[in-house]
Amino acid sequence: MQEIQLRDAKATLSAVIDRARQGEPSVITRHGRPEAVLLSYEEWQRLSQVPSFGRMLMSAPLEEDDLPPRVGGLRDVEF
C-alpha cells in the first residue's frame, strides 16, 4: 500500500486512481497523519458487503438444542 501526501495525490490523481484500479490502494496523508484511503470501486464494494458477526449469528440455521444450556446465569455488576 502506497502512502502519499494530499498535495501529491491532488497533483497526480489520475495515476493514484490507476494504481487503485490495479489493486494498489493508497493511504493519503495530511501533515504526516493518515486521513483517507483510496481504493478501487470493486474493492470497496467487496468490503462493504461483508456481514457483521451479529448478523451472521442471527441468520444461522440453529435448532433449539444446537447450543448448550447457559450455566451460572448472570453475574452481579455494581454501578
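Guide: Here is a walk through some labels, each set against its definition.

Guide: A word on ground rules: this is a predicted model, where local features need pLDDT of at least 70, side-chain atom pairs count only at pLDDT 80 or more, and totals for chains, interfaces and linings use all residues. Residues are numbered from 1 along each chain as its sequence is written, and side-chain values use heavy atoms, with hydrogens and water left out.

Visitor: Let's start with S40. Why is S40 called buried?

Guide: Buried means under 20% relative accessible area, exposed means over 50%, and partly exposed is in between, using a 1.4 Å probe and protein chains only. S40 has 11%, so S40 is buried.

Visitor: And where is S40 found?

Guide: In the loop between strand 3 (33-38) and helix 3 (41-48). Those names are DSSP runs numbered from the N terminus: helices are H or I with at least four residues, strands are E with at least two.

Visitor: What does the side chain of S40 reach?

Guide: The backbone nitrogen of E43, at 3.1 Å. S40 also touches A20 and R21, leaving out residues up to four places away in sequence. Touching, or contact, means heavy atoms within 4.5 Å.

Visitor: E43 came up there. How do you know that R46 forms a salt bridge with E43?

Guide: The rule asks for a side-chain nitrogen of Lys or Arg within 4 Å of a carboxyl oxygen of Asp or Glu. The closest N and O atoms of R46 and E43 are 2.7 Å apart, and the pair forms a salt bridge. A search of the whole structure finds one salt bridge.

Visitor: Why are R46 and E43 separated by about one helical turn?

Guide: Because R46 and E43 are three residues apart in helix 3.

Visitor: Is E43 buried, exposed or partly exposed, and what makes it count that way?

Guide: E43 has 28% relative accessibility, so E43 counts as partly exposed.

Visitor: What makes the link between Q2 and R19 a polar contact?

Guide: A polar contact is a pair of N or O atoms within 3.5 Å; within protein, one must be able to donate a hydrogen and the other to accept it, and residues adjacent in sequence count only if both atoms are side-chain atoms. The side chains of Q2 and R19 make a polar contact at 2.5 Å. Q2 lies in strand 1, while R19 sits in helix 2 (residues 13-21). R19 has 22% relative accessibility, so R19 is partly exposed.

Visitor: Which residues does R19 contact, neighbours within four places aside?

Guide: Q2, I4 and E24.

Visitor: Which residues make up the covered face of strand 1?

Guide: In strand 1 (residues 2-5), Q2 and I4 are on the covered face, with E3 and Q5 on the uncovered one. In a regular strand the side chains alternate between the two faces of the sheet.

Visitor: How do you know that strand 1 and strand 2 pair up?

Guide: Two strands pair if DSSP finds at least two bridges between them. Four bridges join strand 1 to strand 2 (residues 26-30), and the two run parallel. E3 has V27 as its bridge partner, and Q5 stands opposite T29. Strand 2 also pairs with strand 3, in the antiparallel sense over five bridges, and V27 has V37 as its bridge partner there.

Visitor: Why is strand 2 called mostly covered?

Guide: Four of its five residues are buried.

Visitor: What stands out about the phi of H31?

Guide: Phi of H31 is near 55 degrees, a positive value in a residue other than glycine. Most residues other than glycine have a negative phi. H31 belongs to the hairpin of strand 2 and strand 3, which has two residues between the strands. At 70% relative accessibility, H31 counts as exposed.

Visitor: Last one: what makes F53, M56 and L57 a nonpolar patch?

Guide: Patches are made of residues with over 30% relative accessible area and no salt bridge; like charges are joined within 9 Å, and nonpolar side chains (Val, Leu, Ile, Met, Phe, Trp, Tyr) within 5 Å. F53, M56 and L57 form such a patch on the surface, with about 340 Å² of accessible area together; areas come from the Shrake-Rupley method with a 1.4 Å probe, and for residues only the protein chains shown count as cover. L57, in helix 4 (residues 53-58), has 48%, so L57 is partly exposed.
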